[in-house]
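Visitor: Please show me the model, and let us go through the terms one by one, setting each value against its definition.

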Amino acid sequence: MKKRNLYQILLICMMGICVVGMCLVGIRIFAKKILVERFGLESYLVCMLADYNWGDRLQGTLPEKTEAEEKPQRLTELEEILAKAPKEEQPVHESLENTAKGTLAGAMQTMRSLKDKVTAAEDDITKYCNDKFLLYRPMRTISSSFDAMVGWNLAYARAEGATYTLNTGYDYQAVEKKDVAAFTQRLIRQSRIAQDAGINFLYVQYPYRVDEENSQVPWGASSEENANADAVQARLSEAGVDSLDLRKNLPDKGWSNNDRFYLTDGHWDTRSGFVSAGIVADYLNMRYGFSYDTRYFDEENYDVQSYSLNSYAVEEEVELFLPDFETDLCVMDAYRQEAFEGNFAQACFDMTKADTEEYSSVLTAYSASRIRNSYLFEYQNRMEVNNQKRILISSDSFSWHLIPYLALDTNVVDYVYKMTPEQMEYYVEVLQPDLVIVLDRP
């Protein structure tokens, strides 16, 4: 038998690695799409195999221990308010009715449905062949270490160059320079709606994973989100819309883009939300005559509990800031028809998601939060507070660990996920808030 040359052995090894890798991708997709999503097999082993850790999942597997026994009357009222709210415009293809087979509309709907399924499958394959590939992070660490040793400064790009790795080790999606006119006009319109109703309006700008100097961005990568945000700030200033830019205020509190975002989750961390709540409260005291007590935003008055996201790739600690002082709230989600009552920890968090080792292994950093991307969520504070006011907030999931701390010294805080101007006009009329806050970023 002929001796195999070294290059032949290497070629066979490489082919073997590729075959094993593709088999692992197939097994993991099967675990997620079939075992978990179709058959509901949500065991620890299956979820770890599928790396099932994005979106809302495993909800309701453990019984809720703090759910109100009786449905509060206010929750019924909120459900009625939500039912009458303007609906966000749906894309045309979602509004098409299934007409008789053979018609053009029916054929178009079928083609779009098929395209959506293909796109979803492509997304899954892309995830599992990139950042969710088995041993992806250790292999990337080895590669980055080699680059550093030889003095290379490279951007490791994936998804046709749209996603790459920052110098800090974070995965990051490239942002190009954009026309922010539509985004800004929407904010200006919302501010006018509030002002016409005699209500104050504040826009709060979130920070980004990259700093304004782009110091973490490797050679060959784009990062224009801060430039886009600067353009929005300039236009809002010209239009006389009040704005609080957390990118300017957070660094004064010792905050850093490098370590205040999650590796295993796209959000800023929970400490960022807590610190930002204090910054917003200080601004409301100075600008709008609120009377927030600074003790509500002092870490010394909180029991900071940590739980670990035990990802196979990286261990990451998640902090929950739980008050050491007496609290009593009723938290209501009109969209999901749920209400939770009790102290801050009981009403604002589902502690089963944080206290169970199995859950902390498969859920995201934000899974313990009661608040979700709800279309009407309300905090009722039953304690004596300094601010007998109602605040209406429009935002996304970045606000989940900011809003609850504003609610500790405010009578009522309402949250609506990304309100349209039409929805804001409706909620301003129905809820009659004292202040409207939009937290967002272009």
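**Around Q216**

Guide: The backbone oxygen of R209 lies 3.4 Å from a polar atom of the Q216 side chain. This is a predicted model, in which local features need pLDDT of at least 70 and side-chain atom pairs count only at pLDDT 80 or more, while totals for chains, interfaces and linings use all residues. Residues are numbered from 1 along each chain as its sequence is written, and side-chain values use heavy atoms, with hydrogens and water left out.

Visitor: What makes the pair Q216 and N258 a polar contact?

Guide: A polar contact is a pair of N or O atoms within 3.5 Å, where, within protein, one must be able to donate a hydrogen and the other to accept it, and residues adjacent in sequence count only if both atoms are side-chain atoms. The side chains of Q216 and N258 are joined at 3.0 Å, so the pair meets that limit.

Visitor: Why is Q216 called buried?

Guide: Q216 has 3% relative accessibility and therefore counts as buried, the term meaning under 20% relative accessible area with a 1.4 Å probe and protein chains only. Leaving aside neighbours within four places in sequence, Q216 is in contact (heavy atoms within 4.5 Å) with residues including L166, T168 and N257.

Visitor: What makes β3 and β12 paired strands?

Guide: Two strands pair if DSSP finds at least two bridges between them, and β3 and β12 (residues 435–440) have 6 bridges in the parallel sense. Strands here are DSSP runs of E, at least two residues long, numbered from the N terminus.

Definitions and conventions: Buried means under 20% relative accessible area, exposed over 50%, partly exposed in between (1.4 Å probe, protein chains only). Helices (H or I, at least four residues) and strands (E, at least two) are DSSP runs, numbered from the N terminus.
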